[in-house]
Amino acid sequence: MAWFKQQHRFSGAELRLAHITDSHLFGSREGCYFEVNTAAHFISVLDALAGEALDGVVFGGDLTQDHSAESYALFAELVAQSSLDCPLFWVPGNHDDLSMLAQISEGQISAAKHLQCEQGDILLLNSKGPTPAGWCEAAHLAELEAVLCEASRPVLAFCHHHPIPIGGYLDKHILENGPQLLNVLVDSQRVEALIHGHVHHAYAQSFRTLPVYATPATSIQFAKHTADWQQHNLGPACRLIHWTAQGLHTEVKWLAN
């Protein structure tokens, strides 16, 4: 069980998390993705989250746009320079390099993939495949099944790729074995929800009994319900998650453009 071996334990009677995703950073702070300064957007999200009294932040993948070591260093630098003082965890996106993610995973940025809190467990999945589309390897799914089989409490799961079609351009880069992953999650009868990034907008869907939520990007959003590639600078966004004894609550937080 290599992927989920490293764990982190939260203290407290309730859990407050944020999910941020798709920063698409460059090797310098001046880099622009479709005319959006992605570093400036990322900084504004970190600043906003610093006032949320969070226990942790999950970064949902696609840290980089230019695939440079400098973009990973900038990510770590911006996190360190922010007022955000809680741990940050990550799942890999299709743009990401696992070895570079590992190099910045120290101190505040954690490599843990099995998080535990009073209410249950949080599992951070690997949906990175050999192409921009997602793929969960058979060994990863088998490890996930084993962890879920041992779980005695509710589970919240995160991955990068969307497992259900959204009726848009990004469906060409969907999690190609999404139904297989979703059935593993639902069949366990433990998973409360799956939260992902990749699609650059907010969605709320379901698979069988499982809620599936997409978080908008910190960078730029992609137009909904169109097969054409269209971008809109709607400002950065994130998802807030509050898990208590009364249940799981999540909402999208948009920041002013």
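Lys253 and Glu52 form a salt bridge in this predicted model, with their closest N and O atoms 3.6 Å apart. A salt bridge here is a side-chain nitrogen of Lys or Arg within 4 Å of a carboxyl oxygen of Asp or Glu. Lys253 sits in strand E16 (residues 247–254) and Glu52 in the loop between helix H1 (38–49) and strand E5 (56–59), so this pair ties together parts that are 201 residues apart in sequence. Helices (H or I, at least four residues) and strands (E, at least two) are DSSP runs, numbered from the N terminus.

How open are these two residues? Lys253 is partly exposed, with a relative accessible area of 27%, and Glu52 also counts as partly exposed, at 25% relative accessibility. For these words, buried means under 20% relative accessible area, exposed over 50%, and partly exposed in between (1.4 Å probe, protein chains only).

| Pair | Distance (N to O) |
|---|---|
| Lys253 and Glu52 | 3.6 Å |
| Arg16 and Glu14 | 3.6 Å |
| Arg208 and Asp187 | 2.8 Å |

The pair of Arg208 and Asp187 links distant parts of the chain: Arg208 belongs to the loop between strand E11 (203–207) and strand E12 (210–214), while Asp187 is in helix H5 (residues 178–187), 21 residues apart. As for the pair of Arg16 and Glu14, Arg16 is partly exposed at a relative accessible area of 35%, and Glu14 is partly exposed at 36%.

**Two backbone angles to look for**

Most residues other than glycine have a negative phi. Which residues have a positive phi although they are not glycine? One of them is Asp22, with a phi of about 55 degrees; another is Phe34, whose phi is near 50 degrees.

You can find Asp22 in the loop between strand E2 (15–20) and strand E3 (32–33). Asp22 is buried, with a relative accessible area of 0%. Phe34, in turn, lies in the loop between E3 and strand E4 (36–37). Phe34 is partly exposed, its relative accessible area being 37%.

**How to read the values**

Residues are numbered from 1 along each chain as its sequence is written, and side-chain values use heavy atoms, with hydrogens and water left out. As this is a predicted model, local features need pLDDT of at least 70 and side-chain atom pairs count only at pLDDT 80 or more, whereas totals for chains, interfaces and linings use all residues.
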